[in-house]
Amino acid sequence: MASRTSTDPIEILLEMGVDLDNLSEEEDYLSALMEAIATIEFKTKGKGDTRSAALRQEVIKIRKGKRKPQARKTNISCLLYTSPSPRD
């Protein structure tokens with residue numbers, strides 16, 4: 001488990017319970033970052049901490065195009081089985 005002083009955005013999001021497997025687009029990742037920032041600042045009564053500062057830096061890097069989102073993309077394939085109808 002990540003410590004409260006971690007500055008890695010992924011570790012911070014995981015610590016806060018964000019399911020990274022469900023983040024498939026850049027917008028999803030940015031939304032998760034922004035929500036985490038808001039949560040931290042709410043809990044610290046607007047003061048923030050090192051985690052919120054690290055998340056803000058990650059938002060800036062992504063918006064400037066310096067970093068691609070680190071969210072994982074999950075592909076799910078499904079095989080659909082249909083039985084032959086009685087008329088076949």
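1. Helices here are DSSP runs of H or I with at least four residues, numbered from the N terminus. With that in hand, H3 can be followed to its end: after H3 comes Gly65, which has a positive phi, near 80°. The model is a predicted one.

2. Overall make-up. The chain holds 3 helices and 0 strands, and its elements read α-α-α from the N terminus on. Of its 88 residues, 25% count as buried. The accessible surface comes to about 6800 Å², and carbon and sulfur atoms account for 51% of that surface.

3. Contacts along the sequence. Take the contacts between residues at least 6 apart in sequence: 47% of them join residues at least 24 apart.

4. The core. The largest nonpolar core has 16 residues, and those with the most contacts inside it are Leu13, Tyr29, Leu33 and Leu55. Two or more residues of this core come from each of helix H1 (9-15), helix H2 (26-43) and helix H3 (50-63). H2 gives the largest share, 7 residues.

5. Leu33 lies in helix H2. Why does Leu33 count as buried? Its relative accessibility is 0%, and the cut-off for buried is under 20%. Leaving aside residues up to four places away in sequence, Leu33 touches Pro9, Leu13, Leu55, Glu58, Val59 and Ile62.

6. H3: length and start. H3 has 14 residues and spans 20 Å from its first C-alpha to its last, close to the 20 Å expected at 1.5 Å a residue. At the start of H3, the backbone nitrogen of Arg51 has a side-chain oxygen of Asp49 within 2.9 Å.

7. H3: the buried face. Which residues of H3 are buried? They are Arg51, Ser52, Ala54, Leu55, Glu58, Val59 and Ile62. Seen down the axis of H3, these buried residues fall within an arc of 160°, so they line one face of the helix. As background, an α-helix has 3.6 residues a turn, so residues three or four places apart point the same way. The cover over the buried residues of H3 includes H1 and H2.

How values were computed
Residues are numbered from 1 along each chain as its sequence is written. This is a predicted model: local features need pLDDT of at least 70, side-chain atom pairs count only at pLDDT 80 or more; totals for chains, interfaces and linings use all residues. Side-chain values use heavy atoms; hydrogens and water are left out. Buried means under 20% relative accessible area, exposed over 50%, partly exposed in between (1.4 Å probe, protein chains only). Contact means heavy atoms within 4.5 Å. Accessible areas come from the Shrake-Rupley method with a 1.4 Å probe; for residues, only the protein chains shown count as cover. A nonpolar core is a set of buried Ala, Val, Leu, Ile, Met, Phe, Trp, Tyr and Cys residues joined through side-chain atoms within 4.5 Å. The expected span of a helix is 1.5 Å times one less than its number of residues. The arc is that of the directions from the helix axis to the C-beta atoms. A polar contact is a pair of N or O atoms within 3.5 Å; within protein, one must be able to donate a hydrogen and the other to accept it, and residues adjacent in sequence count only if both atoms are side-chain atoms.
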